[in-house]
Every structure is written in C-alpha cells, then in structure tokens.
Amino acid sequence: MLTRTVIRFSNFVMKIQIMAVQELEKLFQGKIDEEIKIEPKDWMPEKYRQTLIRQISQHAHSEIVGMLPEGNWITRAPSLKRKAILLAKVQDEAGHGLYLYAATETLGVTREQTINDLHTGKAKYSSIFNYPTLTWADIGAIGWLVDGAAILNQVMLTRTSYGPYARAMVRICREESFHQRQGFEILLVLSKGTKKQKEMCQDAINRWWWPSLMMFGPHDSESTHSDQSMKWKIKRKGNDELRQSFVDMIAEQAKVLGMTLPDNELKWNEDERHYDFGEINWEEFWNVVKGNGPCNKQRLEARNRAWQNGEWVREAAAAYSEKKKTKPPTPKGALAA
C-alpha cells in the first residue's frame with residue numbers, strides 16, 4: 001500500500017513539473033512572438049540554449065579559422081597599403097571571434113570548452129575556410145564572395161531572438177560590409193589590369209563561387225535545425241531564400257567586373273524575377289563538412305599549434321591577474337610600481 005502511495009505521489013509531482021515546464025515554454029514562445037529579446041538570466045528551453053551554443057560557437061570558430069587563409073597573404077600582399085588593409089581585416093576577424101566567444105559564455109559554457117571542441121574536431125566551422133588561397137586574387141574573392149555571403153546571413157542575426165548574439169552582430173556586420181567592399185575593389189583593380197591579372201581574377205572567382213553558395217548550408221528540406229530555429233527566431237530566413245538573394249546580388253555585381261560566374265545554367269528568370277542557377281555539388285559539400293576538404297587537416301593543425309604556442313601568454317595573464325588580487329592598493333599620490 002505504501003509503495004503504491006509513493007508511486008502515485010511521484011507521478012503527481014511529475015505531472016506538476018511537466019505542466020510547469022509547458023507553461024514556461026508557452027511564456028517563452030510568447031516573448032519570442034512579441035519580439036522581446038531573450039537575455040542570459042531569462043528562463044529558456046534547454047534545446048534553445050544548446051542550439052545557440054552550437055550556432056554561436058560555430059560562428060566564433062569560423063571567424064578564428066577564417067583568419068588563416070587570409071593571414072597567409074599578409075607578408076605577400078603586393079604593396080604596403082594592401083598589407084596594412086589585410087592586416088586590419090584579419091584583426092577584425094579576431095575581434096569578431098572574441099565577441100562571439102563572449103556571447104557563448106553567457107549561455108553557461110566556458111571559452112575553454114568551446115575552443116577545446118574546435119581543436120578536437122568535435123565542433124564545426126564554416127566549410128568555406130577549408131579551401132586554399134592560391135593567388136592574391138583569392139583574397140579579393142574571399143572579400144567579395146565569402147564575406148558577401150556572410151553578410152546576408154549575419155544581417156538577419158542582428159534581429160535574432162537572443163540579446164547578446166544580436167548585439168554582437170551589429171558591430172560585426174558593419175565591419176564585414178567594409179570587408180566585402182575591400183574584396184570587390186581588389187578584383188576590380190585586377191579586372192582592369194593586364195591579361196594575366198584578368199585571368200587570375202577570373203580563376204579565383206571560378207574556384208570560390210560554388211563553395212560560397214555552399215556557405216548557406218543544405219536545402220531547407222534537408223536542414224536539421226532550420227524549422228525550430230525559425231520558430232524561435234534564431235534565424236529569420238531559410239537557407240534557400242538567403243542563397244537566392246546572394247545569387248541575385250552577385251550576378252549583377254559580376255557585370256561591373258566584366259567577369260563571368262562559372263555556371264552555364266545561370267540566367268535571369270523574368271517570371272520569377274530571380275536568377276536561375278545550377279545545382280550545387282552536395283557530395284563535395286558534405287565531404288568537406290566531414291573533414292575531408294583540401295585544407296581541413298591543415299587548419300586544425302594550425303589552430304592547435306597556435307593554442308600550444310600561446311600557453312605561456314595565458315599563464316602569464318593568469319599570474320598577473322592573481323598578483324593584482326593580492327597586491328595592496330597603492331597609496332593616494334604614490335607612484336605605482
């Protein structure tokens with residue numbers, strides 16, 4: 001008899017807890033629907049939190065790994081002006097990673113956890129950064145195409161439902177917009193140069209076009225997280241809609257360069273008021289995502305090496321922080337040691 005009573009009581013408590021969670025979820029979705037930002041101390045479904053951790057940390061990893069293909073050209077840029085501009089851009093990407101790692105920490109995970117997931121290969125980053133930068137024109141193509149694709153994704157994130165993520169994206173988008181213009185200008189100069197420079201420009205566009213389209217992810221019908229992310233307003237637009245906007249934008253800009261995009265099926269559809277374009281090589285996309293791209297191994301090795309080489313800096317910073325905690329305050333008017 002006692003056992004039955006305990007079981008009934010346990011079931012009753014469980015039902016109350018389920019009802020409480022359901023009520024909280026209803027209130028949570030209500031805030032989302034009313035465009036009220038979710039802040040770190042607010043109640044949120046665990047799946048919402050985990051989705052954000054995955055997305056924001058992946059975004060942060062992409063900014064940091066994205067420094068590698070461009071950093072490779074800082075010492076080889078064709079002029080001092082170009083070196084300075086590229087160096088500033090790579091520094092911007094480092095700052096973007098910092099903002100995003102900080103936003104991830106507001107969800108209850110440490111930066112060390114997220115970085116360790118990157119270094120072990122558990123966490124993903126944008127597949128686009130697993131392609132090599134073979135010529136100076138590649139730096140222009142990355143700015144124009146890769147940053148152009150990123151901006152379309154990121155502008156909508158300034159209105160994402162999670163407050164810290166949305167606020168971080170405001171500054172990131174401003175800087176990425178400049179990066180795209182800088183990349184386009186590099187290609188514009190090359191497109192007006194010698195025959196060899198024009199060929200180099202076209203070759204870079206040919207190699208970066210399809211990987212740039214892959215940046216938007218698989219079709220919405222095949223995307224694991226899209227529907228729920230749209231309901232929670234983490235995302236505002238689907239992968240296919242964003243990809244179409246990108247094609248429409250770049251197809252027109254390519255005319256200014258006097259260059260062509262490597263797609264025989266690319267043509268204006270008067271009825272749809274959009275450009276039709278060919279099918280992406282999804283086999284290549286998934287192969288790169290799974291770690292078998294041209295530079296996957298090289299990128300992870302570089303990040304792990306940088307982390308190991310920077311260990312003494314982290315230790316020195318931690319020691320300095322501890323020293324400041326124990327050091328008595330400097331008397332007013334005295335010179336600090």
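1. Start in helix H8 (residues 195-214), where Arg 207 and Asp 203 sit four residues apart, about one turn of the helix. Helices here are DSSP runs of H or I with at least four residues, numbered from the N terminus. The side chains of Arg 207 and Asp 203 meet in a salt bridge, 3.0 Å from N to O. That term means a side-chain nitrogen of Lys or Arg within 4 Å of a carboxyl oxygen of Asp or Glu.

2. Before you go on, keep in mind that this is a predicted model: local features need pLDDT of at least 70, side-chain atom pairs count only at pLDDT 80 or more, and totals for chains, interfaces and linings use all residues. Residues are numbered from 1 along each chain as its sequence is written, and side-chain values use heavy atoms, with hydrogens and water left out.

3. How open to the outside is that first pair? Arg 207 is partly exposed at 25% relative accessibility, and Asp 203 is partly exposed too, at 35%. (Buried means under 20% relative accessible area, exposed over 50%, and partly exposed in between, with a 1.4 Å probe and protein chains only.)

4. Now look at helix H7 (residues 163-191), where Arg 171 and Glu 175 are four residues apart and so about one helical turn from each other. Their side chains form a salt bridge at 3.2 Å, N to O. Is Glu 175 buried or exposed? Glu 175 is buried, at 16%, while Arg 171 is partly exposed, at 48%.

5. Another pair to find is Arg 273 and Glu 270, whose side chains meet in a salt bridge of 2.2 Å, N to O. Glu 270 is partly exposed, with a relative accessible area of 48%.

6. How many salt bridges does the structure hold? The count is 17. Glu 35, Lys 233 and Arg 236 are linked in a network of them. As a general point, side chains of opposite charge can pair when their charged atoms come close.

7. Glu 35 and Arg 236 also turn up in the lining of the largest cavity, along with Lys 31, Ile 32, Ile 36, Lys 37, Arg 159, Thr 160 and Ser 161. A cavity is a set of points on a 1 Å grid over the protein atoms alone where a 1.4 Å probe fits but cannot get out, and lining residues have an atom within 4 Å of a point. The search of the whole structure finds one cavity of 30 Å³ or more, and the largest cavity holds about 40 Å³ of space.

Key:
On a 1 Å grid over the protein atoms alone, a cavity is a set of points where a 1.4 Å probe fits but cannot get out, and a pocket is an open set with protein on both sides within 12 Å along at least five of seven lines; lining residues have an atom within 4 Å of a point. Grid points are joined across faces, edges and corners, and a volume is the space filled by probe spheres set on the points. Helices (H or I, at least four residues) and strands (E, at least two) are DSSP runs, numbered from the N terminus.
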